[in-house]
Amino acid sequence: MEEALNLYVDGELPLDQQAALFGHLAACPACRRTLDSVLSFRRWSRQEPLGVPPALDDAFFKRLAEHKARHTRIDRAADRRPLWQAQAPVTLRAGLTIAIVVFLLGLFVPSNLQPVPARFAVIGEEELVELPAVAASEPGRVEPLYVFYPGLTIEASKTEEPAPGESL
Amino acid sequence: MIPTDDQELIESFQAGDEFAFVSLYNRYKGPVYAFCVKMLLSRSLAEDVVQETFLRVYENRDRLLNTDAFKSWLFTIARNQCLNQLRRTNRQVSLEGQEHAEPVAPLPEIPAHQLEKSEKIDLVNHFLAQLKPDYREVLILREYQNLSYEEIAAVTRSTVSAVKSRLFKARRKLAGYMEPIMNRERQGARSPAPTAPDAAPDAAPVSGSTPPPA
Ligand SMILES: [Zn+2]
């Protein structure tokens, strides 16, 4: 009956089920008390004036104006974005260059060194590319180096030379 | 549900009409403010959250694809802002080593029908403060905002059956909190002393205990 009572309070109880609810309420003081409480709460909750203070409007429109001013600056920054995009191929080459340098360094690292902790290279203005550590797990052998770059994977091993076209 | 000019306002606003936004703000600031005041039980915190909410509406207007859903979308933003604020407040409170944000006021020892208006308002806030936020929000959205189960489900990212379950549980708790006061009502003003809740005579004629007309 709790469900029917709640549905009734919310105006969602179908008419053909209301008679059963009222019949139950007539016989069940506990449900009557619940209904009484819920409806009292509803009446009381409507007694509190909850008007928006005028100061809120003032404060909001001030903040909105500040927000718009900031937003305009961001828009201007967005206008310059084609310039960054023009730099993107350069950025890609810089990434390759770093990858090759790290690879070459890896070739000359003495094999008994501790593993080098992961290094971070800042590429371009926003992207951070993690370069994996050059591991030297077995004496006399340099593990293949994998460099992941968005859309680009270089797989290098000891026997391979860096691609001649990709010079600095 | 939404009047047609509401929809026009939203479309104009999305097309860049600033006046349409001001109209939407004026139309909905009251309900959003009331929701936030009841959720946060603080008018000053609510003022801040209302501003934050409408700034987000302004900023994210392009994300609203279905203009029918504006009200639900608006209350979803307000609700998330309120929950964030409650988390911040709780963190502060727990840092201060207190259990409750607000001191629990003793219930007035007079029957409900003799309560002053201000006492009733205080009681409502006292009861709301005792409810967990996930019970409180459904009760507020239903009782103050008059949202349908479907709308509450949309706002709280939930299902209709889950909303009903939470709402009904919230009311059960509420009725439990109100029981002592409602009992005093039944017994009249003669005995404020605590008695067993079930001692109230069932046959006593109580105006509020008969179902209201449908
Ligand atoms: Zn019953």
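## Chains A and B in a predicted model

Trainee: How many residues of chain B are in contact with how many residues of chain A?

Mentor: This is a predicted model, and the contact between its chains can be counted from either side. The residues of chain A that take part number 42, and they are in contact with residues of chain B that number 57.

Trainee: What area do chain B and chain A bury between them, and what is the count of salt bridges?

Mentor: Of the area buried between the two chains, 61% is on carbon and sulfur atoms, and the total is about 4700 Å². One example of a charged pair is formed by the side chains of A:Glu48 and B:Arg43, which meet at 3.2 Å, N to O. Between chain B and chain A the count of such salt bridges is 12.

Trainee: How many residues of H3(A) are buried, and is A:Thr34 buried or partly exposed?

Mentor: Helix H3 of chain A covers residues 29-45 and reaches 24 Å from its first C-alpha to its last, close to the 24 Å expected. The helix is mostly covered, with 13 of its 17 residues buried. A:Thr34 lies in this helix and touches A:Leu5 and B:Ala175, not counting residues up to four places away in sequence. Because buried means under 20% relative accessible area, A:Thr34, at 26%, is partly exposed.

Trainee: Which residues coordinate the zinc ion, and which of A:His24 and A:Cys31 counts as buried?

Mentor: The donors of the zinc ion follow the spacing H-x3-C-x2-C along the chain, and they are A:His24 (NE2), A:Cys28 (SG) and A:Cys31 (SG), at 2.1 to 2.2 Å. With a relative accessible area of 26%, A:His24 is partly exposed. At 14%, the residue that counts as buried is A:Cys31.

Terms used:
Residues are numbered from 1 along each chain as its sequence is written. Chains are lettered from A and ligands numbered from 1 in the order in which they are written. This is a predicted model: local features need pLDDT of at least 70, side-chain atom pairs count only at pLDDT 80 or more; totals for chains, interfaces and linings use all residues. Side-chain values use heavy atoms; hydrogens and water are left out. Donors are N, O and S atoms within 2.8 Å of the metal (3.2 Å for Na, K and Ca); water is not among the atoms, so sites may look incomplete. Buried means under 20% relative accessible area, exposed over 50%, partly exposed in between (1.4 Å probe, protein chains only). Helices (H or I, at least four residues) and strands (E, at least two) are DSSP runs, numbered from the N terminus. The expected span of a helix is 1.5 Å times one less than its number of residues. Contact means heavy atoms within 4.5 Å. Buried area is the accessible area (1.4 Å probe) that two parts lose on being put together, summed over both. A salt bridge is a side-chain nitrogen of Lys or Arg within 4 Å of a carboxyl oxygen of Asp or Glu.
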